[in-house]
Protein chains: 2
Amino acid sequence: MDSLDEMLLEVKDTSELMIDLAYSSLLYSNRDIAEEVFSMEETVDEMVTQIQNEAINKVLEDRNVPKALAIVRLSTALEEISDAAMMIADVVLRELQPHPVIQLSLRESEVIITTAQVQEESILVNRTLGDVKLATQSGMWVIAIKRDRRYIYGPDEFTTIAAGDVLFARGPKDGEAYFKDIASGAVRV
Amino acid sequence: MDSLDEMLLEVKDTSELMIDLAYSSLLYSNRDIAEEVFSMEETVDEMVTQIQNEAINKVLEDRNVPKALAIVRLSTALEEISDAAMMIADVVLRELQPHPVIQLSLRESEVIITTAQVQEESILVNRTLGDVKLATQSGMWVIAIKRDRRYIYGPDEFTTIAAGDVLFARGPKDGEAYFKDIASGAVRV
């Protein structure tokens with residue numbers, strides 16, 4: 001895979017996570033997650049601009065106009081998805097009434113998405129997801145990690161957690177408190 | 001849940017399936033699935049128009065302006081997602097080069113989404129998904145059923161299959177042939 005394809009995949013993953021997060025922010029009227037969606041949208045915009053620039057520049061080398069067009073159209077669609085996610089999150093930030101939200105949640109009330117930042121004093125620091133068995137203890141699966149401005153999607157048992165990481169986890173509502181406490185360092189078992 | 005919420009949920013489910021189908025059409029340059037995405041987009045547009053009409057009409061009864069606004073904004077976002085899915089499918093229909101596609105597929109090549117219409121002579125007719133054990137025999141999970149112009153999302157073991165149903169299934173590439181044969185009636189075990 002060349003770097004263009006890698007960027008496309010990253011934008012695809014980001015836009016999917018954004019939709020998930022946007023619905024979550026809506027279901028739980030969670031402003032933090034809604035704001036995260038807004039910040040991800042900026043990243044997507046920048047990446048899409050870069051992808052489209054590179055795709056069209058590449059035509060000068062490989063004269064492959066249809067490929068460039070396909071990439072431009074695909075990345076535009078991904079940007080639209082990320083814009084739509086932002087519109088969903090915007091409903092939360094404008095504090096429009098959460099009613100339709102709570103009703104939407106009927107179907108998904110068992111599962112939430114939540115985030116927590118890993119503090120220096122957390123036992124998660126410098127350990128792998130496999131080591132800490134977060135999923136076994138709390139039912140919370142880490143679906144993505146934000147490190148500085150980058151995202152690690154679908155981390156696995158070998159992914160090492162660093163202080164400062166923001167973990168995005170999916171799981172039962174009643175696993176959330178433990179998940180947040182273990183990340184903050186408030187709980188050390 | 002009132003009918004507005006039900007429609008919103010249906011549009012949400014449809015837009016999600018559309019994104020899945022659009023990527024699938026792209027990964028396998030599958031024009032049938034791409035065309036399905038186009039037809040679903042029309043349904044979404046109609047439903048969103050209806051939702052927005054009802055939401056605003058309802059203000060006359062309940063004077064709940066913020067709720068109406070939230071519904072209008074949310075449904076607009078869902079329409080954008082469905083438009084984006086259409087843009088992705090459009091790459092396939094325009095026969096723009098499948099290259100970026102094949103590369104995108106690297107990550108997901110194990111799993112495909114495919115469709116098949118159930119013919120009168122298929123053993124699936126009038127049986128439930130639980131009865132026929134399609135998943136056990138072919139690895140293909142039915143994720144949605146299109147019956148006339150409506151979709152049944154996340155059908156379960158109790159869902160009965162009718163002649164004429166279009167099944168959308170997700171599973172391993174090598175389960176596809178059996179899945180299509182069983183739906184067409186070519187294979188009866």
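Analyst: Contact means heavy atoms within 4.5 Å. The model is a predicted one. By that criterion, Ser25(B) touches Asn30(B), Ile33(B), Ala34(B), Ala89(B) and Val92(B), leaving out residues up to four places away in sequence.

User: Where does Ser25(B) lie, and why is Ser25(B) called buried?

Analyst: Ser25(B) belongs to helix H1 of chain B, residues 3-27. Its relative accessibility is 0%. Buried means under 20%, and therefore Ser25(B) counts as buried.

User: Which residues are in contact with Tyr178(A), leaving aside neighbours within four places in sequence?

Analyst: They are Leu134(A), Gln137(A), Ser138(A), Val187(A) and Val189(A). Of these, Leu134(A) is 44 residues away along the chain, and its C-alpha atom is separated from that of Tyr178(A) by 9.3 Å. The contact itself rests on heavy atoms within 4.5 Å.

User: How do you know that the span of H1(A) is close to the expected one?

Analyst: Helix H1 of chain A, residues 3-27, has 25 residues. The expected span is 1.5 Å times one less than the number of residues, which for H1(A) is given as 36 Å. The helix reaches 36 Å from its first C-alpha to its last, close to that expectation. H2(A), with 32 residues, reaches 46 Å, close to the 46 Å expected at 1.5 Å a residue.

User: Why is H1(A) called largely enclosed by the rest of the structure?

Analyst: Of the 25 residues of H1(A), 21 are buried, so the helix is largely enclosed by the rest of the structure. Just after H1(A), Ser29(A) takes a positive phi of about 45°.

User: Which residues of H2(A) are buried, and what covers them?

Analyst: Among them are Ile33(A), Val37(A), Met40(A), Val44(A), Met47(A), Val48(A) and Ile51(A). Each is below the 20% limit that the term requires. The cover of the buried residues of H2(A) includes H1, helix H3 (65-93), S1, S2, S3 and S4 of chain A.

User: What is the strand order of the sheet in chain A, and why are S1(A) and S3(A) described as standing at the edges?

Analyst: The open sheet has four strands in the order S1-S4-S2-S3, with antiparallel pairing. Strands S1 (111-117) and S3 (150-153) of chain A each have a single partner strand, so one side of each is left without a neighbour in the sheet. Neighbouring strands of this sheet are turned by 20° against each other on average, direction ignored.

User: How do you know that S2(A) and S3(A) are paired?

Analyst: Pairing requires at least two bridges. Four bridges join S2(A), residues 141-147, to S3(A), and the two strands run antiparallel. Ile145(A), for example, has Ile152(A) as its bridge partner in S3(A).

User: Which helices lie on this sheet, and at what angles?

Analyst: H1(A) lies across S1, S2, S3 and S4 of chain A, running at about 85° to S3(A). H2(A), residues 31-62, packs on the sheet and touches S1, S2, S3 and S4 of chain A; its direction makes about 75° with that of S1(A).

User: Why is Arg63(B) called exposed?

Analyst: Exposed means over 50%, and Arg63(B) has 71% relative accessibility, so it counts as exposed. Arg63(B) lies in the loop between H2 and H3 (65-93) of chain B. Its phi is near 55°, a positive value in a residue other than glycine.

Methods. Residues are numbered from 1 along each chain as its sequence is written. Chains are lettered from A and ligands numbered from 1 in the order in which they are written. This is a predicted model: local features need pLDDT of at least 70, side-chain atom pairs count only at pLDDT 80 or more; totals for chains, interfaces and linings use all residues. Side-chain values use heavy atoms; hydrogens and water are left out. Buried means under 20% relative accessible area, exposed over 50%, partly exposed in between (1.4 Å probe, protein chains only). Axes are lines fitted to C-alpha atoms, for helices over the stretch in contact, and angles run from 0 to 180 degrees between N-to-C directions.
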